[in-house]
Amino acid sequence: MTGTVAPASADRITALAKAATLVEALPWLARFHGAVVVLKYGGHAMADPALQRAFAEDVVFLRYVGLRPVVVHGGGPQITAHLDRLGIPSEFRAGLRVTTPEAMEVVRMVLVGQVNGDVVRLVNDHGPFAVGLSGEDGGLMTAEPRTLMVEGEEIDLGLVGDVTAVDPGTLRALLADGRIPVIATVAGGPGGQSYNVNADTAAAAIAVALGAQKLVVLTDVEGLYSSWSADGIAGELVSEIGADALAALLPTLSAGMAPKMEACLRAVRGGVPQAHVLDGRVPHAVLLEVFTDSGVGTMVTPHDPAATTGGTP
């Protein structure tokens with residue numbers, strides 16, 4: 001006899017592994033059935049065709065097994081590419097795009113007219129559920145100008161907005177009809193002005209307004225690291241952190257990570273039980289987080305991890 005596994009046995013092993021995965025998911029399916037989960041879609045997961053398909057499959061899977069996903073998307077690389085083609089310079093301060101009236105026209109055109117339709121089509125390739133809308137539709141999001149303090153100096157970010165109100169009526173109607181809202185992060189503001197809202201911030205505000213059970217933010221790193229050096233050397237991955245600890249850490253975070261963790265903090269302090277930062281470069285990262293015992297990425301909770309129940313459903 002050799003140690004080679006016969007084809008039939010290999011098939012059975014594979015089938016048993018799949019069955020074990022389904023059984024592992026059972027308590028999570030029971031816990032989150034009917035729950036609203038807000039997914040912030042961005043980063044590399046939007047640029048790689050294979051990851052795009054994997055994300056769309058995850059979203060439709062959530063819908064079919066009884067969760068109610070809501071997708072909030074960015075589009076930074078697409079906006080920058082279009083601004084470059086038009087010869088309009090891009091400027092960032094603390095991770096936020098300084099948005100002139102000229103740039104705002106491009107932001108609105110790209111996010112609402114291009115990226116939103118692309119995401120809707122991507123999801124609908126796997127089931128006719130996605131409906132696209134922007135934060136201006138139905139008065140979904142209202143914003144006011146956002147300013148930034150850098151070394152004691154107030155920085156004018158132009159038409160960058162901070163969400164001041166969310167009217168979730170349209171979203172609730174779509175969810176009740178079994179649809180998957182896909183939201184472009186342009187919001188209305190004073191005087192009928194449109195504002196460019198950071199997608200992480202918008203996702204947090206929407207999660208709070210809907211009473212979501214989870215906010216999931218996809219990014220291009222594994223999650224929050226215990227340290228991050230200037231030459232890009234990361235410390236250990238933080239698997240779970242409480243709101244108070246995160247608030248203390250927030251001023252030390254990099255410009256790229258700060259808006260994501262700030263969004264998670266706003267979400268959990270607004271009543272969302274869990275917020276997660278996941279590596280969008282990992283195929284099916286959303287399903288790994290929602291339906292496996294180990295989870296992935298960094299989870300933010302309202303309280304210190306020692307006071308929570310950990311990884312049990």
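**The largest pocket and its surroundings**

Modeller: Let's begin with α3, which gives the lining of the largest pocket its largest share, 4 residues. Keep in mind that this is a predicted model, where local features need pLDDT of at least 70, side-chain atom pairs need 80 or more, and totals for chains, interfaces and linings use all residues. Numbering runs from 1 along each chain as its sequence is written, and side-chain values use heavy atoms, with hydrogens and water left out.

As for your question, K40, G95, D200, G256 and K260 sit closest to the pocket's centre, out of 41 lining residues. The space inside comes to about 980 Å³, counted as what probe spheres set on the grid points fill, with points joined across faces, edges and corners. A pocket here is an open set of points on a 1 Å grid over the protein atoms alone, with protein on both sides within 12 Å along at least five of seven lines; a cavity is a set where a 1.4 Å probe fits but cannot get out, and lining residues have an atom within 4 Å of a point.

Besides α3 (76-86), the elements that each supply at least two lining residues are β4 (96-97), β10 (194-197), α6 (199-210), β11 (214-219) and α8 (258-269). These are DSSP runs numbered from the N terminus: helices are H or I of at least four residues, strands E of at least two. By type, the pocket lining splits into 19 nonpolar, 17 polar and 5 charged residues.

Follow β11 and you land in an open, mixed sheet of 8 strands, ordered β5-β8-β2-β1-β11-β13-β14-β12. Its edges are β5 (130-134) and β12 (240-242); each has a single partner strand, so one side of each has no neighbour in the sheet. Strand β1 (residues 36-41) runs parallel to β11, joined by 4 bridges (strands pair if DSSP finds at least two). Across that pairing, L39 faces V216 in β11.

The top contributor is α2, with 4 residues. That lining divides into 9 nonpolar, 2 polar and 1 charged.

On confidence, pLDDT (the predictor's own score per residue, from 0 to 100) averages 89 over the protein, and 93% of the residues reach at least 70. Residues 307-313 stay under 50.

Conventions. Nonpolar A, V, L, I, M, F, W, Y, C, P; charged D, E, K, R; others polar. Contact = heavy atoms within 4.5 Å.
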